[in-house]
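Here's a quick briefing to get you started. Take a look at the structure first, then read on.

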Amino acid sequence: MHIPENYLSPATCAVMMTAMVPVWGHAIKKIKTELTPEKMPMLGVGAAFSFLAMMFNVPLVGGTTGHAVGGTLIAILFGPNAACIAVSIALLIQAVIFGDGGILAFGANCFNMAFVLPYVGYAVYRSLKNRFGGHLDRAGLVAAAIGSYIGMNAAAFFAAIEFGIQPLLFKDASGQALYCPYPPSVSIPAMMIPHLVVAGIVEAVFTVCVLAFVKNVAPDLIYGEATGQKEKASSHFPIFALVAVLIAATPLGLLATGTAWGEWGADEIAEIETNGEALGYTPQGLADGWELSVPMPDYSLDGMGEVVAYILSAIIGVALLIIAFKLFSLPLQAKRE
Amino acid sequence: MNELPDWMIEDDIYVPPKDGGAFIVKTLQTIAEIMTRIQVQHGHEKRFALPATVKFVALIGLLIILSLSHEPLPLLIFAAFIHAYLCTWSARDIWLILKTALFAAVVAFVLLLPAIIFSPAGLIRCLVIVIKVFFGVEMVNIFNHTTQWNHITSALRKLHIPAVFVFTLDITLKYIVLLGELIDGLLTALLLRSVGKNDGKYNTVGGVMGVTFLRSAEMNQQMYEAMRCRGFTDDY
Amino acid sequence: MHYIELSDVTFAYAPDEPAVFCGFSFFAKKGECVIVRGDNGTGKSTLFRLLNGLSFPQKGRFMFDGEEITAAYLKDNRNAKGFHKRIGYLFQNADIMLFNGKVYDEVAFGPRQMGLPEADVKQRTEDCLALFDIMDLSDKAPYHLSGGQKKKVAFAAVLSLSPDVVILDEPFAGLDRKTAAQVVDLLYSLKKSGKTIILATHLDEMPDDLYDRVVCL
């Protein structure tokens, strides 16, 4: 689920990051009003919990294991606003300190896992729980299972769309994708099938088993359970509306920067739909003049001075030789020690 | 004090059934990795260390440039600089950097393979992406390897990121260690007591993470009290 | 060869860290009660990690009942389970051993895994709770118990597996006088029934006739 670097264009990353700013602002504002000062360190503790939950290997069938994100669980335990901040911080640490998920893609990853996942998951959990009839324990767990399953898949769906718009918006002069090459017709099923079949279930199982334990042992520690306060889903409407506008405005923003927008005409979209199962843009008009053998020689070192190329190649060659030599000596060193 | 029951005194012959407890061992390994990464970050070079802020801004700048570069020349420049720098390192450190970068590149290649097969004309573009993934991971690794995490948080603070956020980030890193040790202990105890077939694996997973949550709530309370004792006035 | 034997062991947590043990040897005969003494940082917990098969010596051997215990040996899931069943370990911090929702489930956790009939599981669990006089806690959550109670529950959970060897890390720490006396009585019974006991504790907690040897780290 963590989107690495270089699969999304910097423009997409910037838009996702911008979309997250009001979300974070909203979450922090909400937290300040709903959390007593003594609960403030809870954010950090929640983020640590979230980070470790993502690292937990959940047992699946036959000795295999999978990872959960735990977004909905954290929203249920700590409240959705605290979850948004906590998961964001956990993702930041993963990206910056552990290199898990791209640093530029941080905004996009937060959007999917710290915004869509906990808020959707929690909203589904809340509304189902109320519908099932308030305080029944089992009903709460079923609601949590469904909420986390839907939340996870909603997040995966957004990730799929982010991947999917890349080849439509960003390509070179010859029409080849510069970032993720899979259009929505490929990226959506590729993301959704594994999440619907496996990851969503891992998420639901993880959520339910942790929640069941906490409910039995110390139910008053769960967000909103002690005070009996009921949060209205409507309190999040303004922020959802704002983000929806931002998403809708994204293509317009890109239009302004003039990025290959003109090529994304109606014919292109039609082509994607007709070539559904294969890659959307099998180069119909381009295929004749563009063979495999062509690119490398005249494409590569064309625009650059031979001297520069020579120097760079020399540096790379020497550096790689030294690295190779050092790596070969590594086992020998270990043996000596 | 009662006498020991008979079953405890008798030698029981016990043949354990087959059952995968792989998740325990795997999670223990993951946690151990995290802990060593956070606790003992032996920075590679300390002598000419740039301020973490400068490095962090430079890293982001370079990542953006890398992301925007699609032509061979800028990529060659990246390759030259990264590897010229890297080759001055010791073998063990180089391997730490290259290991994950190579893994990420292989994953990227596998992910892009269908695109290459269905549309061979996109081969070059896909390879460029694989190469960029490789360079990107190398750069982030180099940054991590030369920077202590507490310097990273102070770098963020200097970038005028809100204090609540940086404060929370600091607490988070501290509690990842504390809660990580807790999970490590719980799973070790679980491993030692896993002597057969656990039919309630999910109850156990819920128990381990549930206890962790309860303890984190407890720690939160203690932390707040400690902060108040040291003159903290609810002003984040 | 002894029942439990570490011979000429060298161990460090990481290649670039100083070695905790260098040419260290340790043994315990079957049915012996051995006290391990040592200040903080002398490798007591490392010794217990080695004896529990959680870490493995880089040099030297660890033998248990005629079998060499190595990472490769324990990699086989069934060997590991059999080994852990025979060695019971009470953590210094008993808190960390408890991850079930009820005291009863905590103690029954081991026997249930052994595939015993439910009646035997019940028998074992109740016997162990009775040994520590904590039948009344049966339905409580371990999380809410006091430190001393948690220690008793953890110890009961270890004994419910009927281990051949019991390793105890500071079993008396944090216990009141009465409970400590209870644990000493229990150690007498365990010793009488032929269990091997290895424990880290201060000598003043232990009656002289209970232990056979003291090993100083």
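Two strands pair if DSSP finds at least two bridges between them. Strands (E, at least two residues) and helices (H or I, at least four) are DSSP runs, numbered from the N terminus. This is a predicted model, where local features need pLDDT of at least 70, side-chain atom pairs count only at pLDDT 80 or more, and totals for chains, interfaces and linings use all residues. Residues are numbered from 1 along each chain as its sequence is written, with chains lettered from A and ligands numbered from 1 in the order in which they are written.

**Strands in chain C**
- Strand 6 (residues 87-90) of chain C runs parallel to strand 7 of chain C, and four bridges join them.
- Leu90(C) has Leu168(C) in strand 7 as its bridge partner.
- On to strand 8 (residues 196-200) of chain C: strand 7 of chain C pairs with it in the parallel sense over five bridges.
- There, Val165(C) has Thr196(C) as its bridge partner.
- Strand 7 (residues 165-169) of chain C is mostly covered, with five of its five residues buried (20 or more other C-beta atoms, placed from the backbone, within 10 Å of a residue's own).
- Val166(C) and Leu168(C) point one way from strand 7 of chain C, while Val165(C), Ile167(C) and Asp169(C) point the other way.

**Where chains A and B meet**
- The contact takes 77 residues from chain A and 82 residues from chain B (contact is C-beta atoms, placed from the backbone, within 7 Å).
- Helix 11 of chain A gives the largest share of the side of chain A that touches chain B, 12 residues.

How values were computed:
Two residues are in contact if their C-beta atoms, placed from the backbone, lie within 7 Å. A residue is buried if 20 or more other C-beta atoms lie within 10 Å of its own, exposed if 12 or fewer, and partly exposed in between; C-beta atoms are placed from the backbone.
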